[in-house]
Amino acid sequence: MTKPPKPKPLLQDADKPVRSRPRKPRDPDQPNLPLDPMPARIEPCLAQLKTRPPKGDDWVFEIKWDGYRLSVHIEPTGIRILTRGGHDWTHRFPAIKLAAMWLPVGSAILDGEAVVLDEQGRSDFGLLQQSLGGRGGKKVSSDATFMAFDLLYFDGHDLRNSELSMRRHLLEDLVRAGEQGDIRLSEEIEADGDQLLASACEHGLEGIIAKRRDAPYRSGRLGDWLKIKCVQSDSFFIVGYEKSTVARGNIGSLLLAGRKGDDLIYVGSVGTGFKEKEAWALREMMDSITQKTPAIKYVGRRKNVVWLQPTLIAEIEYRAWTDDGKLRHASYKGLRDREDGAGVYGIE
């Protein structure tokens, strides 16, 4: 007959204190693993706009999300959520903050996009704005989801000099693929770029992002990341509006401008895409910033134009540019917050 197994010390005598094994003294000749200080803020890596996806095995692809670029800082003192412009919006995304608190990491910086998804699972910039109360609104959004696509700092180590493939490997351990929480993984897609773009456009998505596998994380628009859109969408100053007695908000059209150095250049107008309530709120904002002279060199023949100080930034969807530098088939999507840091379209 075999002997019964010897009981574990924890179960042997409940009156005796439980003690761990004595720890071996540290060898003073063994070097300490250096820890990197956690950056207070990191300027984001931005994607260059291209008309076609790149070719070759050096590139990986993701879906392009249409929302607000954010960085989520998980720190020993708490959670911070910063906009692209460096403004603290932690209080505006309570669900994302709570999800970040539950991630299994002591310190980290996640790069990603806050989005609100429609019924088909597509990001909708208009729905995100509504959830935040519109431009300048102070509402908090519990509907927003954070799509994480990069990991810049992880448990005491700055990862910006590491290759994208290494950063993604650690990110995928932290935010599991397929999870449906308030922080989700923006998954990489192994596919031919042209086929993926065609599929994205067919499903009504904004486009795709291409990233170099072996590139470090470099702030700015340096070509390591590329964006290829199904429909073009950019930010422009509203420099005036044309009055109408029949249109929503009495706005016949908005006059738009891009930036060329220190000058503003007229790029055309937009007269579609306004919702009733949104149009009247926009009209009220515009009527508070009128001025007598245009902020652009304008030689058009529009009537009843009201000129504005160039402070409101509109997100505009369009199909193409005309030969004389005007937007074709433009549609209004919403106003950008200055805190979002969205850059006004730069004219080369």
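Colleague: Why is C230 called partly exposed?

Modeller: Its relative accessibility is 22%. Buried means under 20% relative accessible area, exposed over 50%, and partly exposed in between (1.4 Å probe, protein chains only). So C230 counts as partly exposed. This is a predicted model: local features need pLDDT of at least 70, side-chain atom pairs count only at pLDDT 80 or more, and totals for chains, interfaces and linings use all residues. Residues are numbered from 1 along each chain as its sequence is written, and side-chain values use heavy atoms, with hydrogens and water left out.

Colleague: How do you know that C201 and C230 form a disulfide?

Modeller: The S to S distance is 2.1 Å. A disulfide is a pair of cysteine sulfur atoms within 2.5 Å, so the pair qualifies. The whole structure holds 1 disulfide.

Colleague: What makes the disulfide of C201 and C230 left-handed?

Modeller: The torsion about its S-S bond is about -95 degrees, so it is left-handed.

Colleague: Why is C45 called buried?

Modeller: Its relative accessible area is 2%.

Colleague: What makes F236 and Y318 an edge-to-face pair?

Modeller: Their centres are 6.2 Å apart, with 65 degrees between the planes. Rings of Phe, Tyr and Trp (its six-membered ring) pair if their centres lie within 6.5 Å; planes under 30 degrees apart count as stacked, over 60 as edge-to-face and the rest as tilted. Therefore this pair is edge-to-face. F236 is buried at 0% relative accessibility, and Y318 is buried at 1%.
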